[in-house]
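Take each one step by step, with the structure beside you.

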Amino acid sequence: NSSYPSASIYGLQICFYLSTITMRAVIKSNLAILSQKIALLDLLVSKHGATKASDAFQKTCPIVGASIGQHYRHSMDHVELAALVASSAQDASMHRQQLGDLHYDLRVRGGTLEKDLVESRKRLSDVSDVFKSLNATIDGGNTKITTATSVTVYFNLAADDAAEIGLPSTVERELGFCAHHAIHHLAMVRIICLQTVGLN
């Protein structure tokens, strides 16, 4: 009977429903992590003042072998890239359109973003705004991201081979991966805070 929705329409509706739930979950996770990072920078400034906080941000922990700034920059390279690809999905004209590739290992090490606390905080705030915009789009029922919104992610997986390996994935999966990856780096940052910069 043509008056009833087809099974394929029901399937599409379920796909959108599940995708919305998953997207909200991974966006919430990433926003919470970004909020924790901003709160830590604000705590450093509150406790030590701007100049000493900047020094603490750059100070290498002998146990971890890196600074807060280095861990922030590294994890933010991943989160920012995935967030921008997710945001670009809103401009796709078709739900199953292939988006751009994610090259996680093509990033610039060192530089301002792991040494300048103020610039790092601004980056965190800017990426938070991207996630908030995605949330608003989902809440408005206008999201074009589904479980079928695919991307290809590239990694360098061998020390003796510079060639990247491409793997099929989805926007949601990559946002989940970036949150998981950031949690690992926050665990390293906790050690630096306890052992090197005088926070407990």
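**Exercise 1.** Decide whether Tyr104 counts as buried or exposed.

*Solution.* Tyr104 has 2% relative accessibility, so Tyr104 counts as buried. The cut-offs are under 20% relative accessible area for buried, over 50% for exposed, and partly exposed in between (1.4 Å probe, protein chains only).

Before going on, note that this is a predicted model, where local features need pLDDT of at least 70, side-chain atom pairs count only at pLDDT 80 or more, and totals for chains, interfaces and linings use all residues. Residues are numbered from 1 along each chain as its sequence is written, and side-chain values use heavy atoms, leaving out hydrogens and water.

**Exercise 2.** Describe the aromatic pair that Tyr104 and Phe177 form.

*Solution.* Step 1: the rings are 5.4 Å apart centre to centre, with 55 degrees between the planes. Step 2: the pair is tilted. Rings of Phe, Tyr and Trp (its six-membered ring) pair if their centres lie within 6.5 Å; planes under 30 degrees apart count as stacked, over 60 as edge-to-face and the rest as tilted. Step 3: Phe177 is partly exposed, with a relative accessible area of 21%.

**Exercise 3.** Which residues do ring pairs link into a cluster?

*Solution.* Step 1: the structure holds four aromatic pairs. Step 2: one of them is the tilted pair of Tyr104 and Phe155, with 5.4 Å between centres and 35 degrees between planes. Step 3: Phe155 counts as buried, at 16% relative accessibility. Step 4: ring pairs join Tyr104, Phe155 and Phe177 into a cluster.
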